[in-house]
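Colleague: I would like to learn how to read the features of a model such as this one, taking them one at a time. Could we go through it together?

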Amino acid sequence: MALSAAIILAAGEGTRMRSSKPKVLHTFCGKTFLNRVMTAVRAQNPETLAVVVHFQAERVAEAARSYDADVTIVNQDDVPGTGRAVQCAMAQLGRTRELDGPVLVAASDMPLLDAATLERLLAYHIDSGNGATVLTTILDDPTGYGRIIRDRDGNVLRIVEQKDANSSELAVHEVNTSVYVFDAKVLVEAIAGLKSNNAQGEFYLTDALETAKAAGAVGAFAAPDPLSVEGVNDRVQLAALTKAHNRRICERWMREGVTILDPDSTWIEDDVRIARDATILPGCFLQGETVVGEDALIGPDTTLIDAVVDAEAVVERSRVQESHIGRAANIGPWTYLRAGNEFGEGSKAGAFVEMKKAHIGNGTKVPHLSYVGDAEVGDGTNIGGGTITANYDGVHKNRTRIGAGAHVGAGNLFVAPVEVGDNVTTGAGSVVRHDVPDDAMVYSENTQHIVEGWKPAWERK
């Protein structure tokens, strides 16, 4: 049975985050809460995917559209509560077509909610013939969660929010995850009679389950992995969940043959790929769609963002973003590679080197204290310390081209646009403003002037 609609609740402020940013736009392992939940929900192929917004509505709506251009945005009015959010969503969706079949409702503050769990929840709901099904889990510490209250036969009687629960209800460890599947017609009837007579003065979606019982059974499906449905209400919970998830990622890669010397200080995001026999040293952050090749050595204290590091390469104490490090290349320490660099096999960028949009040939070395930007350097060239490609004329970025087999002296300045041929030698301190042909030597003659007695007598020692 097709999923008629999916509704993601993203209207809340998340006051416990103590942030000017809506809670759903905080990041978890490189992606926002909302992005991650929308991805899991979209995998269920709902006919309509709706996101309910209110606090900083346009900001959240813009983010949602960037994740899924086909999303339907629903604006919740000033009446508070999850029940009201669903009322607004169902009213808007019902104006375009009659909903028939399952409707999935999910909170947006569970960054590890996954497609597999939702798929199993939907299958259970359809197979059981329930009018409504609640996704639950068992927690050692259920503080802050609504409790699942069952009857003697195990059926769901109600869900009691933390602030409305009595002592016996607070002792229950099975909790509501704020993910539900309703039959569309049952949901319409159930939300019609919601009331706000509770400690928060809100319309709770959980109260709709009481009405839903009259129209059909209310069941519960327990998520097999509590971590996948753990919500985030404050930054303490965010840090704890991030650490637990990261530990799992590190363990998975270690079982795949990657050496991670200290998982507690190594942070790896979901979309990173690492080949076997790679080694990750302490203090590393591997982010985005970074790829690390076989036998590569990363770290310590290195950040890779959407970088590709080929086999046998070494990246030590450096920051590398959107760059490709060739086989057996050596980067660092203290190297900053901005976006757009391409390093050939066996090349090097050493200490205190910064690069941007540079193509470095096979075996070429930029050992230290240099800036190479918007440049192409051929194979087997050596760039002396203190070299700068002056690529910006105040209006445009211009390119520098240095050929293969060149020997660039220390303290050189290349004023782009400029092209230097193969096998060229440049003298120390040269300022290269004009093109240089192959096999030439270029130097800048700077006359040395000495002014004796420059220092006043009273300052001399």
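Predicted model: local features only at pLDDT ≥ 70, side-chain atom pairs only at ≥ 80, totals over all residues.

Colleague: How many salt bridges does the rule find across the interface of domain 1 and domain 2?

Modeller: The rule finds 3 salt bridges across that interface, and the count of residue pairs in polar contact between the two domains is 6. On the side of domain 1 that touches domain 2, the elements giving two or more residues are strand S2 (27-28) and H1.

Colleague: What area do domain 1 and domain 2 bury between them?

Modeller: The size of an interface is often given as the accessible area lost when the parts come together. Here domain 1 and domain 2 bury about 1,100 Å² between them, with 59% of it on carbon and sulfur atoms. Of the area that domain 1 buries against domain 2, Phe 28, Cys 29 and Leu 227 supply 44%, more than any other three residues.

Colleague: Is helix H1 mostly covered or mostly uncovered?

Modeller: Helix H1, residues 33-42, is mostly covered, since 8 of its 10 residues are buried, among them Phe 33, Arg 36 and Val 41.

Colleague: Which residues does UniProt list for "binding site"?

Modeller: An unreviewed UniProt entry lists Asn 391, Tyr 392 and Ala 428 under that name. Ala 428, in the loop between strand S35 (425-426) and strand S36 (431-432), counts as exposed because its relative accessibility is 63%, which is over the 50% cut-off.

Notes: Residues numbered from 1 in each chain as written. Heavy atoms only, no water. Buried < 20%, exposed > 50% of the residue type's maximum accessible area, 1.4 Å probe, protein only. Helix = DSSP H or I, 4+ residues; strand = E, 2+ residues; numbered from the N terminus. UniProt positions renumbered as here; feature names shortened; annotations may be inferred. Buried area = accessible area lost by both parts, 1.4 Å probe. Salt bridge = Lys/Arg side-chain N within 4 Å of Asp/Glu carboxyl O. Polar contact = N/O pair within 3.5 Å; in protein donor to acceptor, adjacent residues only side chain to side chain.
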